[in-house]
Amino acid sequence: MYNKNIDIQQRVEQHHKFICEHYPESQILGVFLYGSQNYDLDTPFSDVDTKAIYIPTFEEVIFNQPISKELHLPNGEHCEIKDIREFVKNLYKQNINFVEVLFTDYFVLNETFKDIWEETFIQYKEDIARYDVNKAILSMSHQAYHTLKQAENGANPCKKLANVARLIYFLQRYLKGEDYLDCLRPVE
């Protein structure tokens, strides 16, 4: 029997295992789901996509070598690995694809970083999500524009148009001051 919550969490755990085959587990703050499951717009056939937050080594900090790449799992799903410095830059930009990981129910968190994650990010997630409303509007508008361009160029137009509609719905609720998590989920 299919259990959505268990299936999604297991797949996020598979992503974590895959990432740890390529990077030291001690440097992975966590792996977090982003995408349709966070919006309750997924199906049992939706792929799971994740973001892994990487804690750089001392040498990587000194030589300013932030890691930012996408790894593809054997099943076609992908995980975007981001140096925490790059992750924070995207939070400042109010990039919805990064802010949403603060609100996901599906993640694997390195216990070493649990207190820091919760005290620095999770405790302030609503404040972070509204750090700069103007940047959030610009970020979502640009994302909607680029998604429309992709649809025009034939890149899965139905899915792209649905994403644009979701962004518009999100933005309307966001501007009303509704909780970020409620804004993420267009269907109540």
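Helices (H or I, at least four residues) and strands (E, at least two) are DSSP runs here, numbered from the N terminus. This is a predicted model, where local features need pLDDT of at least 70 and side-chain atom pairs count only at pLDDT 80 or more, while totals for chains, interfaces and linings use all residues. Residues are numbered from 1 along each chain as its sequence is written, and side-chain values use heavy atoms, with hydrogens and water left out.

Let's start with the loops. Asp 40 sits in the loop between strand 1 and strand 2 (49-54), and Asn 64 in the one between helix 2 (58-62) and strand 3 (68-72). For accessibility, buried means under 20% relative accessible area, exposed over 50%, and partly exposed in between (1.4 Å probe, protein chains only).

Now the inside. A nonpolar core is a set of buried Ala, Val, Leu, Ile, Met, Phe, Trp, Tyr and Cys residues joined through side-chain atoms within 4.5 Å. The largest one has 32 residues, and Leu 29, Phe 87, Trp 117 and Tyr 180 have the most contacts inside it. Among the elements supplying at least two residues each are strand 1 (28-34), helix 3 (84-92), helix 7 (133-152) and helix 8 (157-175). Helix 8 gives the most, with five residues. Contact means heavy atoms within 4.5 Å; leaving aside residues up to four places away in sequence, Phe 87 touches Ile 53, Lys 82, Phe 98, Val 101, Leu 102, Trp 117 and Phe 121. Apart from this core lies another, of 18 residues, including Ile 28, Ile 67, Leu 71 and Leu 73.

Then there's the helix pair. The axes of helix 7 and helix 8 come within 8 Å and cross at roughly 165°. Axes are lines fitted to C-alpha atoms, for helices over the stretch in contact, with angles running from 0 to 180 degrees between N-to-C directions. That makes the two helices roughly antiparallel, a label for angles over 145 degrees. On the helix 7 side, the contact includes Ala 136, Met 140 and Leu 148; on the helix 8 side, Leu 161, Phe 170 and Tyr 174 are among the residues involved.

Ala 136 of helix 7 is buried, at 1% relative accessibility. Beyond four places in sequence, Ala 136 touches Gln 94 and Tyr 174. Its C-alpha is 7.1 Å from that of Lys 93, 43 residues apart along the chain.

Technical notes. Parallel < 35°, antiparallel > 145°, perpendicular 65-115°, else oblique.
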